[in-house]
Amino acid sequence: MTLAGHAEVLKLARLLETPAERLGYLEALPPEDVRLLRERAADSLYATDGHRFHRVALASRLPPVALTTFIAEHAFGPLLCARVAGLLDTRLAVEIAMRLPTPFVADLAALLDPRRAKDLIAALPPHRIAEVAAELTVREEYIAMGRFVGFMTDAAIEAAFGVIDDASLLRISYFVEAKDHLDHVVGLLAEDRVRGAIRAATAADLWPQALDLLTRVSPGRAGSLADLAALEDDDVLDGMVATAQRDGLWDAVLPVTRQMSPAGRSRFASLTSLHDPEALRAIVRAAAADDLWHDLLPLAGLLPRGARGVVWSEILAVAGELPVGRLRTMAAEALDLGVEAMILDLVDHLLRSSGLLTRGLRLVAGLGPVLQERLVPLAAGLPEDRRAAVLHRVRALRLVRRLGPLTDALAGSPPA
Amino acid sequence: MSADPRAALRARLDEPLPERLWSLPDAELADLDDALTDAHRRQSAALDRSIDQTLRFLPWPLRSIVRRILLP
């Protein structure tokens, strides 16, 4: 089950007025499929009684607005109003919406398909939207609010921000549909509100929603948000680490760390909770599964020595499980990323454990001559004592020939 | 419950529908069709009730005009 998939099932259940648990089997489908299904279901509900909705909209023009408003509230009810709202003349619809009691408009909003009432939503004054948003927040109608975001003006969104608390903002973000728009909407939030939402993520156990948000905004925006998170106390960020570990969300977190500023990334790498060996091993496994080496290596370089050691050991363990072709691809990618700055640290770590060094040398022996040739400058650049220690082990393991030009580099011989 | 939930869903929902929907077992598709049918039934019943009540609220000169529009 994905976060996005669960959100889509909740929305469909709301449309069909049935418990979400009943439709749990739909979480086996990709979220975009459930969304398409929901849109078709909404279309069918509007189409079935479409001719009658049109007639109601036509009849609504006849009485004075005050009477139509009275009838809307006391006879039509929120469901019929929601179905008809988008069919009314926008000016009339706005006038009615301004006269109706706010709790009734909130009822209506929860049932409205915003795709069919775009003009009305855009034409409502921001203060009216804020009144309804406040009511929907009290009712915890996060699904309804998330669906509206893509259809609201910036002024209306900013007015709504003024009445929605930080935790609710995060909960709503989970249901926002307009992915392209979400980035812009997050940009409208003042820095103190973003930091408030980050603190709320820990206080209210909303890190799954917060991490989901990071995957749905642009990489640059995600990096900025993560930089703001990095300004928070350890206990706030520990909540994020715990959630990523518990829910297996490192594949969402790792790419964000690469988008962070150097200071933010260093702060993140300094977190004690991140140095937990179980967390580090899960991070390496996530990088291996999703080819996130270019995200992992910059972070690994900033970890303290002990934590880096865990990362190097796990990378070796992962590499040892790969078929040769995949291993060579992974090694080539690592070399492309430029691992020169880390090679001495890696070698020192291997030299501390004879078992690790043996495993590492056997992996290098399997890389083949092309990749070994690329490793020559790195080997040649090692301090003499490390080269001698590694060479000693190469000879003991009888890998001299299989390491080809690398053996010469370790011996300090000039390249042929 | 429909004997053929796939046909029932195709009849109720316009294309495009997600292709992977059809990979669900028949029992789940039948349940989805039931949920849709219930939602349609509830909506139509609510609409009937609303129209009935609306006519009661209208002053009599308007009532016959609105009745002609709403109930052709």
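Which residues does A:Leu214 touch, not counting residues up to four places away in sequence? The views below, taken from a predicted model, start with that one.

**View 1. A:Leu214 and its contacts in chain A.** Leaving aside residues up to four places away in sequence, A:Leu214 touches A:Ala222, A:Leu225, A:Ala226, A:Ala252 and A:Val256.

**View 2. The largest nonpolar core, with 117 residues.** A:Leu214 turns up here again, as one of the residues that touch the most other members, together with A:Ala85, A:Ala210, A:Ala287 and A:Leu296. Helix α4 of chain A, spanning residues 65-84, supplies the largest share of this core, 7 residues. Apart from this core lies another, of 18 residues, and its members include A:Ala41, B:Leu9, B:Leu21 and B:Ala35.

**View 3. The contact between chain A and chain B.** Here 33 residues of chain A meet 29 residues of chain B. On the chain B side, two elements give two or more residues each: α2 (26-57) and α3 (60-70). The largest share, 14 residues, comes from α2(B). By class, the chain B side has 18 nonpolar, 6 polar and 5 charged residues.

**View 4. Helices α8 and α10 of chain A.** The axes of α8(A) (residues 126-138) and α10(A) (residues 154-161) come within 8 Å and cross at roughly 40°, so the two helices are oblique to each other. The crossing of α8(A) past α10(A) is right-handed. From α8(A), the contact draws on A:Pro126, A:His127, A:Ile129, A:Ala130 and A:Ala133, and from α10(A) on A:Ala155, A:Ala156, A:Ala159 and A:Ala160. Sorted by class, this contact has 8 nonpolar residues, 1 polar residue and no charged ones.

Key: Residues numbered from 1 in each chain as written. Chains lettered and ligands numbered in written order. Predicted model: local features only at pLDDT ≥ 70, side-chain atom pairs only at ≥ 80, totals over all residues. Core = buried A, V, L, I, M, F, W, Y, C linked by C-beta atoms within 7 Å. Buried ≥ 20, exposed ≤ 12 C-beta atoms within 10 Å, placed from the backbone. Helix = DSSP H or I, 4+ residues; strand = E, 2+ residues; numbered from the N terminus. Contact = placed C-beta atoms within 7 Å. Nonpolar A, V, L, I, M, F, W, Y, C, P; charged D, E, K, R; others polar. Axes fitted to C-alpha atoms, helices over the stretch in contact; angles between N-to-C directions. Parallel < 35°, antiparallel > 145°, perpendicular 65-115°, else oblique. Left-handed = near helix turned anticlockwise from the far one by under 90°.
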